[in-house]
Amino acid sequence: MSERVHTLLPGSRIWVSTFHRFCAKLLREHGRAVGLNPNFSIYDTGDQQQLIRQLLHDLNFDSAHFPANKINARISQAKNELLSPEKYITRYGEGIGTHLEAVVAKVYPAYQKRLLEANAVDFDDLLVHVAMLLAEQDPLRVELDQRYRFILVDEYQDTNQAQYQIVTALSQIEPNLCATGDPDQSIYGWRGARIENILRFEHDFPAVTMIRLEENFRSTPEILKTADRLIGYNIHRKAKRLKTDNVSGEAVELRLYRDGQHEANSIANEIAALIESGERRWKDFAVFYRVNALSRSLETAFSRQRIPYQMAGGVAFYERVEIKDLLAYLRLIENPQDRIAFLRVVNTPTRGIGKRSLEKLVQWADGIGWNLIDASRQRVPIPALPKRAAVQLRTFAAMVDELSQANCGTVEALLQLILKRTGYLQQLEASPDEMDSQRVGNIEELISAARQYDEQEHENDHASSLTGFLETATLTQDIDSLDESTGTVTLMTLHAAKGLEFPCVYLLAVEQNILPHERSLRQNDARQLEEERRLLFVGMTRAEEKLVLTHTVRRELHGRSLSTIPSVFHDELTVELRDLTGAEDFQFLDSTDHDLRFDRDDFSNSHQTDDEHETSMPSVPELEKHHADGEPWQQRKPPVGQTRSGLRLTTGAALKSGTKQSVELQTGFAIGMQVRHPRYGLGTVIETSGLSKNRTVTVEFAADARRECFVAAKCPLQPIGLR
DNA sequence: GGCCAGTGTCTTTTT
DNA sequence: GACACTGGCC
């Protein structure tokens with residue numbers, strides 16, 4: 001967004017940022033009024049829950065009965081509604097609300113107090129503090145109102161109460177406010193977003209000019225029509241019709257696969273085929289899913305097929321243990337009051353400072369109001385603290401002091417020093433665990449992120465500030481790191497997809513309990529179901545030319561494989577049905593063990609009889625209905641023979657596009673192939689046997705010559721080339 | 001008192 | 001399947 005704006009208006013003084021970043025910046029300048037020093041820490045969800053867990057312990061609440069994540073959600077909800085701890089107590093205190101609310105009424109004030117003592121804020125606080133500042137400090141409000149003369153809020157339908165107040169407060173004297181948004185794309189209700197904000201905009205700002213953007217320049221009429229029809233099933237909605245003059249394209253497909261593997265492999269094959277035929281480029285493709293857990297099978301299939309992909313979200317980079325550990329060191333250096341950071345790293349890597357010792361330290365430090373690092377440094381004996389632990393604490397404090405003094409150059413240099421002085425890297429490098437060598441890789445990535453940050457700050461004539469780097473690390477969503485230019489397939493959740501567009505979109509698992517998600521069905525709340533429908537709508541309208549929705553007969557999730565139920569949304573779509581459950585999954589039908597090359601025509605012929613193995617062909621969900629408006633469904637149940645043509649069209653696309661000259665296909669495992677296993681590391685395939693789903697592969701691992709046999713279809717082995 | 005392995009629980013979406 | 005918590009061992 002920022003790049004686009006600055007390209008359109010070079011040299012203009014426009015600041016583009018998220019609400020959270022904007023607020024963080026304001027608080028660095030003006031936070032003292034709410035008790036924050038400029039070097040405050042920003043706590044992420046993990047930090048928040050850690051703090052809440054400590055509080056539950058201190059307040060003698062059973063953390064099994066009152067889980068930290070639930071309490072955290074309640075506190076966050078309260079903050080989104082600008083409900084202060086005091087107001088919360090009045091509303092839900094003892095004897096008024098539920099048991100959980102009574103606990104929250106105790107934890108919330110303590111939580112807020114602890115945050116302030118640690119000179120820290122959580123995500124919600126960034127907004128809440130600023131909203132309060134603007135409400136209570138009129139001179140500041142006036143100053144900022146005049147500073148930001150023109151404000152544009154994108155995706156206004158996703159603003160919450162706090163954001164609404166901030167925007168309004170900054171648009172009094174200079175009421176030059178422009179909001180863009182679409183109520184049909186409101187997908188953040190669960191985190192406090194209020195559609196009303198956009199619906200009542202005209203009321204809030206009576207001098208408004210409303211511009212309706214009903215013409216769509218992105219999608220084909222086919223895509224638009226089915227999306228438009230779907231969203232029409234939402235009752236709580238301002239009716240509108242989407243139109244386009246774009247040329248007609250392919251029909252939207254709804255495909256049925258056997259299971260997630262089949263689905264992932266087939267999509268991977270199809271993409272590979274479309275690339276090979278020269279029709280498409282990698283970056284034309286995106287795959288969306290409702291929950292991050294669904295990305296796994298795709299990742300496996302894509303790596304096997306050597307399809308370059310980038311993923312937004314997932315196990316977010318900055319949430320990995322090793323990254324969080326190192327960031328905690330940085331945080332502690334920057335903000336010695338940061339208790340959560342201290343407790344995270346004081347015994348990482350282990351230094352013989354255990355839980356009991358830390359309890360004593362905390363007790364003593366709290367008694368005299370010191371922060372933990374100062375308490376560790378001092379030499380007066382702490383009651384009941386073993387001498388050994390006291391010595392270790394002092395050593396740790398001295399090390400942190402030394403590191404703090406080194407905090408005057410680049411962030412990269414500081415990180416390098418931390419790695420060296422703490423022995424963190426050494427410990428990982430010494431470990432035989434493959435996971436740990438991946439961690440080393442992640443750390444290298446962090447270092448290069450730090451280097452980039454340093455360079456950027458240098459270019460802008462700023463000194464590298466640790467605060468700035470930490471802020472970037474905490475507030476950068478993974479989607480920001482997606483690179484449009486890299487030419488890779490993009491994988492992401494439906495939420496992350498908002499605002500983007502791709503020529504070809506695959507939207508996975510349109511199944512009951514996934515989309516709509518089971519949690520939205522639990523309370524039988526029509527509004528929650530409508531949000532799920534909007535989510536599907538958002539996903540579909542990202543597609544420019546080709547849109548494929550999928551579902552499967554069985555779905556493996558949470559470690560279990562269950563029969564699926566077609567999504568309630570199936571009946572609301574105008575799509576072409578395609579049952580691919582009988583299609584061969586040629587992923588594991590590589591030719592001979594020693595030769596990866598094969599002739600694709602031979603291949604296709606030799607397996608045409610394999611259909612017999614497919615005993616039960618699941619019936620296509622009954623979709624042959626007619627909508628009330630009499631519009632005929634384009635959906636049709638394929639006659640038996642059509643399954644095969646389905647094969648030819650999908651997996652067959654790969655066959656068709658294959659030229660006579662054999663092409664090296666990296667789909668199967670062959671003897672001599674080098675592979676990588678997440679746990680055992682590098683190895684060589686020494687044996688394969690069985691066919692299709694039963695195919696097994698035996699690997700000898702380099703590290704300890706151990707031999708393991710895997711089911712090819714299920715194992716996380718990744719081919720890394722032939723020896 | 002600390003460390004590690006094994007067990008049990010919960011499992012959406014994001015800043 | 002990831003992570004917090006418990007219990008046994010050093």
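Which residues have the most contacts inside the largest nonpolar core? They are Leu-327, Leu-330, Phe-342, Phe-396 and Leu-446. This report describes a predicted model, starting with its nonpolar cores and going on to a sheet, ring pairs and a few charged residues.

## Nonpolar cores

The largest nonpolar core contains 51 residues. One of the residues with the most contacts inside this core is Leu-330. Leaving aside residues up to four places away in sequence, Leu-330 touches Leu-414, Leu-415, Ile-418, Leu-466, Phe-469 and Leu-470. Another core, of 37 residues, lies apart from the largest one. Among its members are Phe-22, Leu-26, Ile-42 and Leu-134.

As a general background, nonpolar side chains in soluble globular proteins tend to be buried together.

## The sheet and its order

The model has an open sheet of 7 strands, paired in parallel. Their order across the sheet is S7-S8-S6-S9-S10-S5-S13. The edges are formed by strand S7 (309-311) and strand S13 (576-579), each of which pairs on one side only. From one strand to the next, the twist averages 20 degrees.

Helix H13 (residues 260-276) packs on this sheet. The strands that H13 touches are S5, strand S6 (285-289), strand S8 (489-493), S9 and S10. The direction of H13 makes about 155 degrees with that of S10.

Strand S9 (residues 502-507) and S10 run parallel and are joined by 5 bridges. Along this pairing, Val-505 stands opposite Leu-547 of S10, and Tyr-506 has Val-548 of S10 as its bridge partner. Strand S5 (residues 253-257) is also joined to S10 by 5 bridges, again with a parallel run. Here Leu-254 stands opposite Leu-549, and Arg-255 stands opposite Thr-550.

S9 is also joined to S6, by 4 bridges, and these two strands run parallel. In this pairing, Phe-288 has Leu-507 of S9 as its bridge partner. In general, the strands of a sheet pair through backbone hydrogen bonds, either parallel or antiparallel.

## Aromatic pairs

How many aromatic pairs does the model contain? The count comes to 14 aromatic pairs. One of them joins Phe-61 and Phe-66 in an edge-to-face arrangement, with 6.1 Å from centre to centre and 75 degrees between the planes. Phe-61 has a relative accessible area of 23%, so this residue is partly exposed. Phe-66 has a relative accessible area of 9% and is therefore buried.

Tyr-188 and Trp-190 form a tilted aromatic pair, with centres 5.7 Å apart and planes at 45 degrees. Tyr-188 is buried, because its relative accessible area is 14%. Trp-190 counts as exposed, because its relative accessibility is 57%. Elsewhere, ring pairs link Trp-15, Phe-22 and Tyr-148 into a cluster. Phe-22 is also one of the residues in the core of 37 residues.

## Arginines beside rings and in a helix

Where does the charged end of Arg-28 sit? The charged end of Arg-28 sits over the ring of Phe-40, at 3.8 Å from the ring centre. Arg-200 lies over the face of Tyr-164, and the distance to that ring centre is 4.4 Å.

Arg-141 belongs to helix H8 (residues 138-147). Is Arg-141 buried or exposed? Its relative accessible area is 12%, so Arg-141 is buried, given that buried means under 20%. Not counting residues up to four places away in sequence, Arg-141 touches Leu-134, Ala-169, Leu-170, Gln-172 and Ile-173.

Definitions and conventions
Residues numbered from 1 in each chain as written. Chains lettered and ligands numbered in written order. Predicted model: local features only at pLDDT ≥ 70, side-chain atom pairs only at ≥ 80, totals over all residues. Heavy atoms only, no water. Pairing = 2+ DSSP bridges. Core = buried A, V, L, I, M, F, W, Y, C linked by side-chain atoms within 4.5 Å. Buried < 20%, exposed > 50% of the residue type's maximum accessible area, 1.4 Å probe, protein only. Contact = heavy atoms within 4.5 Å. Phe/Tyr/Trp six-rings, centres within 6.5 Å; stacked < 30°, edge-to-face > 60°. Lys NZ or Arg CZ within 6 Å of the ring centre and 35° of its normal. Axes fitted to C-alpha atoms, helices over the stretch in contact; angles between N-to-C directions.
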